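User: Could you walk me through this model? I'd like to start with one residue inside a chain and then move on to how the chains meet.

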Amino acid sequence: MKKTLHMFVALAGIALASGLALGGLHQVTAQRAADNILRFKKVPAVVSIYQGRGQALAADQLAAFEDQVLQGRRQVDLGEESPLSLFLIEAAGSSPVVVFEAFGQGFGGDLGVMVGFDLASEKLAGIGITTMSETPGLGTRVRETRFTKQFVGLGQDAAFQVKKDGGVIDGVTGATVSSRAVAQAVDRARKLFQAHRQAIVAAINSGQEKASP
Amino acid sequence: MNHTMELVIGAIFINNILLAKFLGNCPFLGVSKKMETAVGMAGAVVFVLTLAGMITWLVEHYLLAPFGIEYIRTMAFILIIATLVQFVELFLRKSIPALYQALGIFLPLITTNCAVLGVAIINIQEGYDLFDAIVFSAASAAGFGLALVLFAGIRERFETIRVPKQIEGTGIGLVTAGLLALSFFAFKGMI
Amino acid sequence: MSASRLVKEFSKGLWREIPPFRLVLGLCPALAVTTTAENGLGMGISATFVLVCSNGLISLLRKVIPNEVRVACYIVIIATFVVCVEMITKAYFFELSESLGLFIPLIVVNCIILGRAEAFAKKNGVLLSRADGLGMGLGFTLALTGLGAIREFFGAGTLGLVFGEQVFFDQPFAFLQQAPGAFVALGLLLGLMNLVGGSRGR
C-alpha cells in the first residue's frame, strides 16, 4: 500500500511540476512564436506585393517595413472558423492596399496566396505565395514574378482562371495544377472581398488597436 | 478514392518512412540481421502504429485542441504511445498468446521507435482527417515493414561474404541501406 | 568523487563512446538533419541541452523515483525538456525550428537520452551525470556537425556555417544531399572512424 502511494505521489509530483513549468514557458514564448509565423511566412508575401507595385525597399528598410506591416495588422471575424488577418500596405503617392490570405488546392496540398486589393479602385494590387508543397522546379515556379505579375491590375470582374479553363491567366508550363491552385485562391479571395467589403473596410479603419493574437 | 490511393502509394514507396524520411532507423539496423526478427518487428510496428495513429488523432482533436494546450503535444503523444504499447503487450499475452510469442519481445522496443511518434505528429501537421490519418499510419507502417524485410533479406547474405573489417556490421549496413534508398528513388515519378 | 573521474566521464563521449558512431544510437536525426553543418550543429546543441538537463534532474531524483515506474518518470522528465526546446526554438530561433521541423519533438525518442538515463544517471551523482550528459551531447554535436559539413561541402558546394554564401563548386555531388547519400556517407564515415580507432589498438 505504502509502495503504491509512493509511486503515485512521485509520478503525480513530476507531472505537476512539468505541467507548471511548461505552462509558464508557454506564457512567455507563445506570443513571440505566433509573431514569428506571421513574420517569416506571411509578411514576406506582403512585402513582395509592395515591391511588385514598383516600390523600392532597401535592405536596411526591410526590417522596419516588416515591423510596420506586422504592427498594422487587423483581424476581422467573418463567421469562418477563425478570424481573418488583414494586412495594410500604405505608401506615399498611392492608395492603401488591403492584403489577406486565401487557399487553393495544389498538387501537394493547400497552396496559400496573399492577395492584395487596392482600396480605392478595388483592382488587384498583386499576389504573393505564402505556403506550398508543390514539386520543386515545376510547381514551385508559380512563385516567380513572371507568373504572379499577371494578376496585378485585374478588375473585380476578371476571369481568375488559367487560359486552359477559359480565363485570362497564362499558366506555368508543366505546372497546370499549381497555376490553377493560385487562380482558385485569388478567386476565393475576390469572392470573400466582395461579400464582406464593408466589414473589411470597417476593420481597416478601426484605428490603431492592436490585433489580438 | 484517388486521393486515398495517392496517400497509400506515397507513404509506402515515394516518401518511405525509413528510407526517405529517416524515421525508425534504430530498429532498422538493430533487428535486420535475421529475417525472422525483421518480420516480427514489422508486424509489431504495423499493429501499434495504426492504433497509435488513430488514438493520437482523437486525443489531439478532442482533448488538446479544445483546451488550447497543443503545445504539450509531444509530451501527450509519447505518454500515449508508451501506455498503448504496455496495454497491447498485456492484451496479447492474455488473449492471443500465439501472436504474443511472435511479436512480444519487439513490443517494448516500439516505444522508442521514432517512426511511431513521427507519424502521429505528421498526421496532425498535415491536417489529415481521421480516415486519412488511419490510412496514412497504416501505409507508413507497411512501408516500414517492406523496407525492413527487404533489407533483412539483403543483410542475411553478409553472413557469407567477406567485408572489410572496418565497415563490418553497421557500416556496411548503412551503405546497403543507402543503395536500397536509391532504388526506391525510382518510384518518385509515380504520382 | 575526484576531478579525474569527472574528466573521464566527460571525455568518453567525445571519442571512446562517441554517438552515433561507437554507440550506434540516435541515427534518425544524424541522417535526417545533416544536410548542412548548421542544421547538424543546431540539432546537436538541442539534444545536448536536453541530455544535460534530463541527466541532471534524473540523477537528483534517483532516490525518490520508485523503480517500478522509473521509465514513465524518465519519459515525462525528458519530454518536458524537449517541449521546452520546442517552444524556445519556435520563439527565438525560428529558422532553425523550420529546418529541423519534426526532429525537434523527436528528440524525446532519441535512444541516446533515455539510454544515458538508464545506463548512467540513475546510478550516479548529479555532477557526474551532468558531465556524462555533456560529453555525450558534445560528441553527438561534433559528429552531426562533421557529417553535415561533409554532406554540405561535397553535396551542395557550400559551407554556410564558416564561409557564408560562398560557393565552392558549380556542379556538386548532389547525391550526398539526398536520402541515399546520407546513409552512404554515415556508413563510410563509420568505417573511417574504425580505421583510425583501430590503428590506435582499441
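Predicted model: local features only at pLDDT ≥ 70, side-chain atom pairs only at ≥ 80, totals over all residues.

User: Which helix does B:S137 lie in?

Analyst: B:S137 belongs to helix 8 of chain B, which covers residues 130-156.

User: And what does B:S137 touch, not counting residues up to four places away in sequence?

Analyst: With those sequence neighbours set aside, B:S137 is in contact with B:L49, B:T50 and B:G53, and also with B:V119 and B:N123.

User: Ok, switching to the interfaces. How many residues does the contact take from chain B and from chain C?

Analyst: Chain B contributes 35 residues to that contact and chain C contributes 36 residues. The area buried between chain B and chain C is about 3,000 Å², and carbon and sulfur atoms give 85% of that area.

User: Which three residues supply more of the area that chain B buries against chain C than any other three?

Analyst: Those are B:F22, B:Q166 and B:L174, which supply 22% of the area that chain B buries against chain C.

User: How many salt bridges and polar contacts are there across it?

Analyst: Between chain B and chain C the rule finds zero salt bridges, while one residue pair is in polar contact, counting pairs with both residues at pLDDT 80 or more.

User: Which helices of chain B each supply at least two residues there?

Analyst: On the side of chain B that touches chain C, at least two residues come from each of helix 2 (25-30), helix 4 (73-95), helix 7 (114-125) and helix 9 (170-184). Helix 9 of chain B gives the largest share of that side, with eight residues. By class, the residues on that side of chain B are 23 nonpolar, 11 polar and one charged.

User: What about chain B against chain A, how many residues are in contact?

Analyst: There, four residues of chain B are in contact with five residues of chain A, and the area buried between the two chains is about 350 Å², of which carbon and sulfur atoms give 73%.

User: And by class, what are the residues on the side of chain B that touches chain A?

Analyst: That side of chain B has four nonpolar residues, with no polar and no charged ones. Between chain B and chain A the count is zero salt bridges, and it is also zero for residue pairs in polar contact with both residues at pLDDT 80 or more.

Key: Residues numbered from 1 in each chain as written. Chains lettered and ligands numbered in written order. Heavy atoms only, no water. Contact = heavy atoms within 4.5 Å. Buried area = accessible area lost by both parts, 1.4 Å probe. Salt bridge = Lys/Arg side-chain N within 4 Å of Asp/Glu carboxyl O. Polar contact = N/O pair within 3.5 Å; in protein donor to acceptor, adjacent residues only side chain to side chain. Nonpolar A, V, L, I, M, F, W, Y, C, P; charged D, E, K, R; others polar. Helix = DSSP H or I, 4+ residues; strand = E, 2+ residues; numbered from the N terminus.
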